[in-house]
Amino acid sequence: MKIKRIITSPECIAFIISLIIQILWNQFVPIMRSLPDEVGAISFAAYLNGMDWSNVLSNPSMYYGNGMFFLLYPFFLVIKDPFILYQCLLGVCAFLRATVAIISVYISKKYFYISNKYYLICIGLISSLFSPTRSTIVDNEALLIVLTWGVTLSLFKLIDSKNPKEKRNWTIFLSFLSSYAYIAHNRGILYIISIILVILIYYIYKKEWLIDLKWFFISIVICFIGANVYIKHIKNLIFYSEATITTRNTIGGVVSSVNSNISTLFTKVGLRSFLDLLCSNLWVTFVFSYGILYIGIFNLISYLIRLIKKIMLNDKSSDEINIVFLFSLFGVLISIIGLCISELHNGTTVHINGSNITRFHFYMRYYGNYFGPLILFVLCNLYKKKIKYHYFANLFICLSCIIYVYCSILYKVVVSNEHYIITDWFYFFAPFSLRFGYWPDVLQGRGYFIASSIISIIIFTLIVLLAKHGNKKILITLIACIVIWYNFYLTIFYDSPFSKSDNYLESVNGIAQYLKDHENITHKNIAYINNNFGNQYVVQFVSKTNRVTWYESFDSIKKNEMKNYDYILSNNSISELKKLKYKEIELDNNEYLYTLY
């Protein structure tokens, strides 16, 4: 009976549905495409299994967090086929994201007293899938999302904690989670900042500490030092070589970028570029969330203002559980502002050099890991009817951002509906654009952005009308269907064709099959020649224990280096190698393998 009760619980049902849906989506993505992020994220797990990928990861040296290594390690140990292995690694990401369903349903039941089973299942499903990133990539976003929910649950538990021992344990756990977020990704440092802000607000409001102050300082110092030691060790082990001198994509690099951009910010072009980045990110967030996130953000900002007023009046009557959601609010706001400053140079190039807009103009990935608790806040309060919709304020923000971004930058690149330059780097607008084309064939002209915005506004209006006058079941079903549609569209029309394209699956299917047929080729040195950046990471992944070194051209290989390589792989036939008595094996039309054996 107990097992049956667990299996039929809304937490378990939502988890299973979410996991199955994501695993099914993953089948459309045969190989990695987000590079070097994906190879970097799994590199330590590979290293622990005797695979040395340091050549491709240190040339150039671009550090990426390895927080999931302990979950990925077993699959490297037992699975030999790289394509099956990749599906298993994607499965780990799907599993992590699906666990969000359990946490969100638990919070909905315990702290919002929601008992409707169907509504709870939908809450769990929506919360686990409501992200601009998907399980179709093996990166640290899945881990960051789970850590966001872990922090949220810990804050709830700390508010509940009356026993000193319980408060101490949750305090230590909170410190561990925030420091581990830093291991997962450099921007995880913002978890610590956002948590400290929540703690200070709670103290000012309640005149008592949310955490065990002594143990918080002890544990956060120990955990943060430990995180830095681990990161330094991984950098030196995998991502650093004497040839590259410096390792990019580190927290030091981010700080340096912010410092150098601060002076630019206070110039005319700098201020304009900052507003470009800010408004374009606000715009894409509205379209992605069809305005529903803005309901949560407006309500939490209003709550924060009311809280400040009550602090000034020494009034402690406010609902303190909403303080927990300020963590995600601060995470989103600080991340967006930080993005606009750290990537300001990418904004200024549009005006100074006439460049195309960059991925950072619509870069939800950097703050999307905080979206889940915000959507939970909205869904629970929609059910309880304790939320203001701020309909016209939301429309004003959306339309203002559209008008500003179009007048400032988009008119320069989106000159007509026939314009072909990719401006929506990650196709965030695509699911609502009414264009059912596969990557990279979707024309991103005026109509593309306008259609997406109009559809999002229509959905937002419908949600508000249903929330005010409709059935809760219809409302939550509509939101769940839209979330599933959004993820499904991007998987089928963007992730899948991207992964199967010439620079990814088509660049390694031949060598993967050759290595499968010749299992004795292990721990060999392979020179890979291709002038396209990114392919070398996929080649290294399918080569597994063999060590790959990337060269942009045959001429860039020094003659005295040739003897270091057992095999040379190229995307083109190389006549010079034939003259040097190398045997050419044509694997397919863009994979040629050379060997002296």
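Predicted model: local features only at pLDDT ≥ 70, side-chain atom pairs only at ≥ 80, totals over all residues.
Which residues in α21 meet which residues in α22? Residues are numbered from 1 along each chain as its sequence is written, and side-chain values use heavy atoms, with hydrogens and water left out.

**View 1. Residues in the contact of α21 with α22.** From α21, S507, V508, I511, A512 and L515 meet N535, V538, V539, V542 and S543 of α22 (contact: heavy atoms within 4.5 Å). By class, the contact has seven nonpolar, three polar and no charged residues (Ala, Val, Leu, Ile, Met, Phe, Trp, Tyr, Cys and Pro count as nonpolar, Asp, Glu, Lys and Arg as charged, and the others, Gly among them, as polar).

**View 2. Packing geometry of α21 and α22.** Helix α21 (residues 505–517) packs against helix α22 (residues 535–543) at an angle of about 20°, and their axes are 9 Å apart (axes are lines fitted to C-alpha atoms over the stretch in contact, and angles run from 0 to 180 degrees between N-to-C directions). The two helices are therefore roughly parallel (angles under 35 degrees).

**View 3. The protein chain around the helix pair.** The chain comprises 23 helices and five strands (DSSP runs, H or I of at least four residues for helices and E of at least two for strands, numbered from the N terminus). Its C-alpha trace spans about 85 × 60 × 55 Å along the principal axes. Of the 597 residues, 59% count as buried (under 20% relative accessible area, 1.4 Å probe, protein chains only).

Technical notes: Parallel < 35°, antiparallel > 145°, perpendicular 65-115°, else oblique. Buried < 20%, exposed > 50% of the residue type's maximum accessible area, 1.4 Å probe, protein only.
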